[in-house]
Amino acid sequence: MAGVGLPLSSVFGAPGEAKPSRASQFVTPASGLSAVQVAERVAAGRTNATDQRTSRTLAEILKANVFTVFNGLLVTLFVVILFTGRWQNGLFGLVVIANAAIGIVQEVRAKRTLDRLALLNAPRARVVRDNTPHDIDVAEVVLDDLLVVHAGDQVPADGLVRESAGLEVDESLLTGESESVAKTAGGDQVRSGSIVVAGEGHFQATAVGADAYAAKLTAEARRYSVTHSELVSGTNRLLRWISVTLVVVAPVLIWSQFRSTDNHGWRDAMTGTVAALVGMVPEGLVLLTSLAFVIATVSLARRSSLVQELPAVESLARVDVVCLDKTGTLTYGDIRFDRLELCPGADDSNVRAALGLLTRAGDANATAAALSAEFPATSWRQIAAVPFSSARKWSAISVDRHGNWVLGAPEMVLHTPASPAQADARGRADTLAAAGSRLLLLASTDATSSITSDATLPRDLLPAALVLLAEHVREDADATLRYFTEQGVALKVISGDNPRTVGAVAAALHMPGVHSPADAIDARTLPEDLEELGGVLETHSVFGRVTPHQKRAVVRALQHRGHVVAMTGDGVNDALALKDADIGIAMGNATPATRAVAQLVLLDGSFAHLPDVVAEGRRVIANIERAANLFLVKNIYSLVLAVIVAFTHTAYPLAPIQLTLISAITIGVPAFALALGPNHRRYIPGFLHRVLRFAIPTGIVTGVSAYIGYEGTRLLDHGSDVAEARTTATLIVLIVSLWTLLVLARPLTGWKLALMATMAATATLIVAIPPLGHGVFLLDDTPLRLAIAGTLGAAGALLVELTYRSITLLVLISGKRTDPAESRQGASS
């Protein structure tokens, strides 16, 4: 690490010398802790391990899938059925076991896959122990460890700065303050969770694990904040309403079934009650929602995309603006030295010596690495240094007998040209930037005073050279940007580079509204007011010279205008914006701080995965909506029948085993198939409203049709009893429900038609085979009952079709594209 003119003895002091600290009075020597000291602290539990996890434990998975309110209700009803001695009606108990088993197996498999990927992506810390640097897991840091941090690192523990080479940290994630804070050795503290934005340093850990500052923050400032999910919140509201309905309806239903003259004894009464209550329980909806998230997460993991929060999968579907960083996203980020252009009067040897020292005086970022390979180390003696930061966009050194040297963005180093030489250098730099070149300006001054990080650069800087760098645009960037444009997702390139350089890359990639480098906006001219900034963002797409806090402002301005924003990035200057975005996406080579705050990490750094990511999110939210319609229709018609029999004191028109048959053929199997099938429908707000708008009238039609068929059979088929009338009601519900399934599955592609045909054929075979139809499912069909069921079933199906078409027409008239069955908008085979 390059020094800044301070002797090590003045920084570290003597071992054992007391220094102020919050949780430790021990002073670690420059050689770090010994192996014995580390072992003592581990044995005492003074490590950086915390209870914070990114996935549930096996016990939590078992509890979440087994011990639920609805499972408890279904198991209780199953026990009641066993007491009646009618074993067929208890088949729904096996469904409970199957649901729990499927959920546990799938989540455990997903947990193993994601935990393996999370381990690869886990943050690391560099510590000095026994005078040797080591890279270890953050959780393995112990109290009093001597840690090394560079720009881009997230500070893993609280500590006392022991050495600083231009160390600056951003504490805005912790305190909300937007300005970076310079940290000096000997007295300044660093806090866990803050981000190093410039320089490097050593610090001694004074508080670790649960004692660290970040561990005591509220959930809002924690690393794994909860991503809002419309699906989860909408489903939870449905479950609350259903729970309240069950509490209100159950006592009335039990009372009516025991008073009904159609039921002969308590066994009949309890069988009818169980059938009604089982029908009102959405036993597979929660499982299906969880499975859809989990399977989507695993699917993305196979594409080298690590989801750090499950609901983030859904957020992908809601995104309508993607903010992109240029370097590392549109380009590979593998910066290479191209050439050097000396300014008039500059000495080549001095320029090369200055560049050799500048590239080794601060952070080993991609630019410094590219230049250090070209310009060797020099014999010049450095007196002081100002490391590069994304906010300043320049770095500087003071050299003994050679003055001060500054390297940075031309428009920042020579903000207002004050001499012909400066004007010529700026003009040449602008010309090269407009051609798409990435470049830096080297300038010098003979001033005796050193340049400091909080000072304005001298106006007498003499341009020495233009350093041209080369970047490789990703081959797949053009196709990826075109995909988002076709899908109606707005693109915003926000970069710290020269606006003309960024504009040239965007124009080469045919971004909408960008025809030349001149179309890019210099962020230094952007307004600070969010409303005004939002107006500029609505009309322009490419911005250069954007500071880290301007990136945050861009995200907030877009959100202020109602947009759902995704932000991609790889540098420390992107971390704050990723944290604020609705979904933050970090590239695989991103800094630890950037990966820490992202909800999604593209492990192989391929921007081309983003279309897959967005498509996966859309598939999840569109398919769960379709499945939720199926489940809620069943709940509605079960409630309708329960209310009718409560007032008429008749037996419930369906037996539990018959509801199990209906659920399996028209909901269970097809819902899982449809929920996991492809669907590229764009996100449309209002999930819960659309589901209720379609499910309530469809459920009423189904329930009323079934009851009319039940009473019609008893009226027309003289001598028929409750069990025989239930056959007609079951067949009507099957017919109407299969048509409902047909409506919700549209557009009917090949695999969906095969699914429909399989379900219809299964129902037909069960009815036609007496050992199954009569022996297991208690169906007793006759020509008359089949005729009644066929007539009322067709009428009910027609009403469902009219309901669907009426809703669709009303939506089109109102100007909203919110199809209840959805899928006609871009659903794929």
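Student: How many bridges join strand 12 (residues 394-399) to strand 13?
Tutor: This is a predicted model, where local features need pLDDT of at least 70, side-chain atom pairs count only at pLDDT 80 or more, and totals for chains, interfaces and linings use all residues. Residues are numbered from 1 along each chain as its sequence is written, and side-chain values use heavy atoms, with hydrogens and water left out. Strands are DSSP runs of E with at least two residues and helices runs of H or I with at least four, numbered from the N terminus; two strands pair if DSSP finds at least two bridges between them. Valine 399 has glycine 403 in strand 13 as its bridge partner, and the number of bridges between these antiparallel strands is six.

Student: Which residue in the turn between strand 12 and strand 13 has a positive phi?
Tutor: The two strands form a hairpin with three residues between them. A phi of about 70° belongs to arginine 401.

Student: Which residue of strand 14 stands opposite tryptophan 405?
Tutor: Strand 13 (residues 403-408) has six of its six residues buried (under 20% relative accessible area; exposed is over 50%, partly exposed in between, with a 1.4 Å probe and protein chains only). Five bridges join strand 13 to strand 14 (residues 438-445), and the two run antiparallel. The residue opposite tryptophan 405 is serine 444.

Student: Which strands stand at the edges of the open sheet of eight strands?
Tutor: The order is 8-21-20-19-9-16-18-17, with mixed pairing. Within it, strand 9 (residues 321-324) and strand 16 (residues 490-494) run parallel, joined by four bridges. Two strands have a single partner each, so one side of each lacks a neighbour in the sheet: strand 8 (305-307) and strand 17 (521-522).

Student: Why are helix 7 and helix 9 described as roughly antiparallel?
Tutor: Helix 7 (residues 230-259) meets helix 9 (residues 285-302) through residues including Leu238 and Phe293. Axes are lines fitted to C-alpha atoms, for helices over the stretch in contact, and angles between N-to-C directions run from 0 to 180 degrees. Under 35 degrees counts as roughly parallel, over 145 as roughly antiparallel, 65 to 115 as roughly perpendicular and the rest as oblique. The axes are 11 Å apart, and the angle that makes the helices roughly antiparallel is therefore about 170°.

Technical notes. Contact means heavy atoms within 4.5 Å.
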